[in-house]
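Dear colleague,

I am passing on the structure below, and my notes on it follow. Please read them alongside the coordinates.

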Amino acid sequence: MNFFAKYFPNAVTMKSDFIQATGETLYMTLFTAIVAGILGMAIGIGLIVTQPGGILENRAVYNILDKLVNLCRSIPFVILLAVIAPLTRLVVGTAIGTTAAIVPLVIGSAPFYARQIQNALAEVDHGVIEAAESVGSGPIAIIFRVYLKEGLADIIRSSVLTLISLIDLTAMAGAIGGGGLGNLAINVGYSRFESDVTILAMLIILVIVFAIQLIGDLLARRVDHTA
Amino acid sequence: MTNEAIIQLKDIDVTFHTKGQTVNAVKNVSLTVNRGDIYGVVGYSGAGKSTLVRVINRLQRPTAGTVSVNGQAILNLRPKELRAARTKIGMIFQHFNLMASRTIADNVDYPLKGGSLSRAERKEKVDHLLDLVGLTDKATDYPAQLSGGQKQRVAIARALANDPEILISDEATSALDPKTTSSILELLKRLNQELGLTVVLITHEMEAVKEICNKVAVMDEGAIIERGSLVDIFSQPKEPLTRDFINTATQIDQALVKIYKQADKLDLGDTQQLVQLQYVGDQTDSPLITELYKRYGVVSSILYGNVEILQDTPLGNLIVVMSGEPDKLAAAWDYCQEQGVRITHLKSTNSEVA
């Protein structure tokens, strides 16, 4: 603890703040991951099956999804936080706070995840889809038993990527009172020149990111039987 | 073999529109396959043969025409009915198209998922299918661990999971080495005989057709240019392309090239002629060469000989130099024709092979 007191003189007195901030970061990340995960997965699958040559080819639906994803992805997140405020107020009742931050986080990360899923599923060999069709599989069976099963390793890898970029986004949520480690690092550490707070917050984020990457890699390797 | 039609394609057109270009992949093709046939569709790549057979299970919807499989009008089926019909039309592919994330047993089990069988019944069926294709010991392996021939056997087992009456083979042996190709073709033949499976075999190799098919159609530029029983096509090909395919398969082409090279040295005079003799069935057994000498004093020296057994019918090819007086030679040729032996006069120059 001496070492801690020596190098992190301010942080050591803020134990409860760090615990709370870490909790907020994890809360925002997990909650957003679930909502944006489901949404992004659905849109990603929608893009794959309705694209030209897909199993439920539909130009209109594909174009709408495609444009929607591009639109959401082209808005910088810091601006999105402000632009989306009225919608946030509509959904959660307030535009400020940790839970309020989840709305822009979802809108910021779901389209990104949708593209990742689309890319992962595009890697599934078209011949395999055709083979499934030739034995009488319908669209639902092909989505769940072929696309998601065959693409699983790539889906895990894209999920890791999205999750890490999501943690990146939560750091910005401090701007609207979302709290979290990013907020602690900037509003406390940086503003008060207590740089040890900033560094500790960064280290905790690093540990979380490394843990996600490690678990993701292990899982992906387990389900990958291509070689 | 019965004469009941199991697949009837009528006036099929398939047209693709890509970037302002119109490609007529299949042009007004009709094809009837009878129950128990092993029907070969031969053509170079781009001839439209894959597109044509994919019309059978509606993986490709034709621009025009009608498709009847087992009496069902395939083009009028609703999605659910189509899926049910597809379970009775197995298909195997050039690149096997197995699922890398599933074990061999799981790949074979895939078509049975969501069906009416219980888990135990499915397991029994998968075991039986793996036994049928000789891969029982590979059940828990993944496709990446198997050789090409083994992968194709898994694909065949998968295609047979729902007890189809028809198996479509889309260039299934084109990615395999000759020995593995033979073993896969043998397996298809066995399935045809033991299960009464009707096979439609697409290939660019006449050798494959020669080994197992009883009927052949030759495709070129989206149309069937020639069709018939294997023996008829091999013994009396009409189109130049068909002849090309057959000569490659029987290796007469290679022999001719060598013979033509040699022809200068042979120094053939007026009394000598280079001819190709072709005979089918029983004539293979009669001592033709001896007869020609006895009757007409014509001496034949054999440069090349080959006998193919097609559907239990022997088909012989001889390339000989016949020597004799011109009138005797003419008489000898007439005699050959009377005996049902086809004679082709080959020029002793290189001009015919190009």
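Into which domains is chain B divided? Chain B splits into domain 1 (5-238) and domain 2 (251-352), with bounds from an automatic or database domain assignment. This is a predicted model, in which local features need pLDDT of at least 70 and side-chain atom pairs count only at pLDDT 80 or more, while totals for chains, interfaces and linings use all residues. Residues are numbered from 1 along each chain as its sequence is written, and chains are lettered from A and ligands numbered from 1 in the order in which they are written.

The C-alpha centres of domain 1 and domain 2 of chain B are 40 Å apart. Their contact (C-beta atoms, placed from the backbone, within 7 Å) takes six residues from domain 1 of chain B and seven residues from domain 2 of chain B. On the domain 1 side, the largest share, four residues, comes from helix α8 (residues 230-235) of chain B, helices being DSSP runs of H or I with at least four residues and strands runs of E with at least two, numbered from the N terminus.

Between the chains, 22 residues of chain B are in contact with 20 residues of chain A. On the chain B side, α2 (79-86) and β6 (89-93) are the elements that give two or more residues, and α2(B) gives the most, with three residues.

With kind regards

Technical notes. Contact = placed C-beta atoms within 7 Å.
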